Amino acid sequence: MKPIPYGRQNITEEDIQAVAEVLRSDFLTQGPKIDEFEKKFAEYIGCKYAVAVANGTAALHLCTLALDVNASQKVITTPITFAASANCVRYCGGEVAFADIDPKSYLIDLNKVESLLKKNPNSYKGIVPVDFMGLAVNLEELKQLTDKYGLWIIEDACHAPGGYFVDSKGTKQNCGNSNFADLAIFSFHPVKHIATGEGGMVTTNDKKLYEKLLLLRTHGITKNPALMHKNDGGWYYEMQELGYNYRLSDMQAALGISQLSRADEGLARRKEIAARYDVAFKGLALTTPLSDKGHAYHLYVILTEHRKKLYDFLRSKNIFCQVHYILVHTLPYYQQLGWKTGDFPNAESYYERCLSLPMYPTLSNEDQTRVIEAIKEFYTTIK
Ligand SMILES: Cc1ncc(COP(=O)(O)O)c(C=O)c1O
């Protein structure tokens with residue numbers, strides 16, 4: 001039987017054509033496709049500025065650099081995320097603090113965040129909330145809290161292009177639109193909604209931060225005569241900050257543009273798959289994820305008391321599920337910094353039971369049936 005992965009890219013002939021066109025053009029990098037991708041992505045998300053970068057991790061790093069994170073600062077995030085959401089603070093020498101999750105949504109618990117802030121009101125500089133699985137963090141509520149204590153927000157929206165929450169005025173707030181966050185980031189890794197191989201994006205409504213991101217993305221170098229101290233001629237540039245080469249190539253941007261044109265289609269299919277799982281698992285002794293209209297369903301995570309057995313059973317049938325994530329505070333690097341198992345009981349209880357089922361737009365109905373039937377079979381054998 002053919003293998004079914006938990007996630008995979010959806011590449012069409014149009015995508016291939018778009019990349020081939022760039023390969024025949026004058027610019028493989030630093031060409032016109034970058035600007036086009038940024039403008040179209042900003043429009044899709046509903047923000048003013050977007051900066052295309054090499055990957056989601058580079059996006060996070062540029063954000064912590066732009067916000068001047070340093071060794072004297074503490075930043076809060078969730079233990080249930082990919083390590084990069086925390087590592088970006090460490091890249092700048094800052095200290096990472098974690099707040100436990102809400103056991104129903106699996107998102108960072110704002111009450112836990114508030115407790116941290118109340119206990120040490122002047123200790124924290126910022127927070128990196130994660131729209132985990134594609135479920136939006138309510139950033140309006142978070143911002144009310146962070147404003148009281150003077151924290152910035154970097155929204156990690158890697159799982160959530162097209163996701164949203166509804167604010168107190170009944171307005172849809174798209175993940176990453178930066179109406180509440182200072183900066184937001186996305187990843188275009190192949191399992192994500194939009195795939196460019198490697199790739200990422202930072203979004204913001206803040207012009208100053210936008211200009212800083214542009215500078216830091218390209219070595220801290222500017223060629224803008226208005227910003228330079230002197231100008232020796234057409235070849236001249238100035239390196240004004242210590243930046244990086246975190247650029248995306250034009251081949252990748254062209255793929256991103258083509259993928260973006262099908263983003264709504266992919267999102268609708270993900271919602272369809274989730275709805276079918278929701279119905280199929282009714283009556284089984286497992287927990288299905290919180291359903292929400294604004295859920296972008298990067299992942300479909302069930303909780304089961306038999307995680308390892310179910311994982312192995314599905315694997316024996318060539319169905320490859322995944323666990324998201326190994327908790328960041330239990331990774332050896334973070335344990336060495338003083339964190340230990342037992343620090344975040346809700347996240348740890350989640351981790352013991354979570355399993356991400358196959359979820360991607362090209363998952364066929366037949367393949368989804370195979371997944372559903374296998375899980376039902378497993379539950380008939382388990383006592
Ligand atoms: C929540 C989250 N943050 C950050 C990243 C980092 O993105 P990338 O793999 O593009 O560097 C990922 C991707 O795996 C992610 O899932």
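Two strands count as paired if DSSP finds at least two bridges between them. Helices (H or I, at least four residues) and strands (E, at least two) are DSSP runs, numbered from the N terminus. The model is predicted: local features need pLDDT of at least 70, side-chain atom pairs count only at pLDDT 80 or more, and totals for chains, interfaces and linings use all residues. Residues are numbered from 1 along each chain as its sequence is written, and side-chain values use heavy atoms, with hydrogens and water left out.

An open sheet of seven strands runs in the order E1-E9-E8-E5-E4-E2-E3, with mixed pairing. Strands E1 (49-53) and E3 (95-98) stand at the edges; each has a single partner strand, so one side of each is left without a neighbour in the sheet. On average, neighbouring strands are turned by 25° against each other, direction ignored. Axes here are lines fitted to C-alpha atoms, for helices over the stretch in contact, and angles run from 0 to 180 degrees between N-to-C directions.

Strand E4 (residues 124-128) pairs with strand E5 (residues 152-156) in the parallel sense, over two bridges. Ile127 has Ile153 of E5 as its bridge partner. Helix H7 (residues 207-217) packs on the sheet and touches E1, strand E8 (183-187) and strand E9 (200-204). Its direction makes about 15° with that of E1. Contact means heavy atoms within 4.5 Å.

Strand E9 has antiparallel partners on both sides. It pairs with E1 over five bridges and with E8 over four. Met201 of E9 stands opposite Ala52 and is also the bridge partner of Phe186. Five of the five residues of E9 are buried, so the strand is largely enclosed by the rest of the structure. Buried means under 20% relative accessible area, exposed over 50%, and partly exposed in between (1.4 Å probe, protein chains only). Gly200, Val202 and Thr204 point one way from E9, while Met201 and Thr203 point the other way.

Helix H4 (residues 84-91) is mostly covered, with six of its eight residues buried. These are Ala84, Ser85, Ala86, Asn87, Cys88 and Val89. Their cover includes helix H3 (56-66), strand E2 (74-77), E3, E4, E5 and helix H11 (332-335). Gly93 follows H4 and has a positive phi, near 85°.

Cavities and pockets were located on a 1 Å grid over the protein atoms alone. A cavity is a set of points where a 1.4 Å probe fits but cannot get out; a pocket is an open set with protein on both sides within 12 Å along at least five of seven lines. Lining residues have an atom within 4 Å of a point. Grid points are joined across faces, edges and corners, and a volume is the space filled by probe spheres set on the points.

The largest pocket has a volume of about 690 Å³. Of its 20 lining residues, Leu214, Leu215, Arg217, Thr218 and Ile221 are closest to its centre. H7 gives the largest share of this lining, four residues.

The second largest pocket has a volume of about 500 Å³. It is lined by 29 residues, with Phe82, Ala83, His159, Lys192 and Tyr325 closest to its centre. H3 and H4 each give two or more residues to this lining, and H3 gives the most, three.

One cavity of 30 Å³ or more was counted. The volume of the largest cavity is about 60 Å³. Its lining comprises 14 residues, of which Leu139, Glu155, Phe165, Asn174 and Cys175 lie nearest its centre.
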